[in-house]
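Here is a short tour for anyone meeting this structure for the first time. Have a look at the picture, then read on.

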Amino acid sequence: KSTQVHLMLAVSLILAQVTFFLMDLVVSSDASKEPSVACLMVACLLNYFWLCQLAWMVVEAITMYLALVKVFGTYLEHALIKYSFFGWGLPLLFPLVGVSWGRNKFVDPKTCFITR
């Protein structure tokens, strides 16, 4: 179970790095116009994958706690499904809410990062 959690954390790290490198392709030099759809998608994906990294680190801490502190009687039924929902599903809410609430104010077109 711990190796699968490590793998999911590594996948989220790799996907965030790939998305970060793709950001260079969609950055606009004109800051006065609205951000493109590709820029918005890159910013959302970066936000999502960074939140996934944080969530998988929390899952990692939970599995280490259960393995090292609460050694006996810590069997979780369908643990990886629950961990996957927490690690991949829960971070999806924040970029979706940010885009639906802010639309064009969510992304800076010059950098393709989320704004304040």
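## A first question

Is Cys-52 buried or exposed? Cys-52 counts as buried, because its relative accessibility is 0%. Keep in mind that this is a predicted model, so what follows describes a prediction.

## The overall layout

Start with the big picture. The chain has four helices and zero strands, and reading along the sequence gives the pattern α-α-α-α. The chain runs to 116 residues, and 31% of them count as buried.

Now for how the chain comes together. Take the contacts between residues at least 6 apart in sequence: 79% of them join residues at least 24 apart.

## Helix H1 and what covers it

Helix H1 covers residues 2–26. With its 25 residues, H1 reaches 37 Å from first C-alpha to last, close to the 36 Å expected at 1.5 Å a residue.

Which residues of H1 are buried? They are Val-5, Leu-9, Ser-12, Ala-16, Thr-19 and Met-23. There's a handy bit of background here: an α-helix has 3.6 residues a turn, so residues three or four places apart point the same way. The cover over the buried residues of H1 includes H2 and H3.

Thr-19 sits in helix H1. Thr-19 counts as buried because its relative accessible area is 6%, and buried means under 20%. Setting aside neighbours within four places in sequence, Thr-19 is in contact with Val-42, Leu-45, Leu-46 and Phe-49.

The other threonine, Thr-63, belongs to helix H2. At 10% relative accessibility, Thr-63 also counts as buried. What does Thr-63 touch, not counting residues up to four places away in sequence? The answer is Val-5 and Tyr-83. Val-5 has already come up as one of the buried residues of H1.

## Cysteines without a bridge

How many disulfides are there? The count comes to zero. Cys-44, for one, is in no disulfide: the nearest cysteine sulfur belongs to Cys-39 and is 9.6 Å away, whereas a disulfide needs the two sulfur atoms within 2.5 Å. Cys-44 is buried, with a relative accessible area of 16%.

## Aromatic pairs

The chain has three aromatic pairs. One of them is Phe-20 with Phe-21: their ring centres are 6.3 Å apart and their planes sit at 65°, so the pair is edge-to-face. What about cover? Phe-20 counts as partly exposed at 35% relative accessibility, while Phe-21 counts as exposed at 60%.

Another pair, Trp-56 and Trp-88, is edge-to-face too, at 5.9 Å centre to centre with 65° between the planes. Trp-56 lies in helix H2 (residues 37–68) and Trp-88 in helix H3 (residues 79–89), so this pair ties together parts that are 32 residues apart in sequence. Trp-56 counts as buried, because its relative accessibility is 0%.

Note on methods: Residues numbered from 1 in each chain as written. Predicted model: local features only at pLDDT ≥ 70, side-chain atom pairs only at ≥ 80, totals over all residues. Heavy atoms only, no water. Helix = DSSP H or I, 4+ residues; strand = E, 2+ residues; numbered from the N terminus. Buried < 20%, exposed > 50% of the residue type's maximum accessible area, 1.4 Å probe, protein only. Contact = heavy atoms within 4.5 Å. Phe/Tyr/Trp six-rings, centres within 6.5 Å; stacked < 30°, edge-to-face > 60°. Expected span 1.5 Å × (residues − 1).
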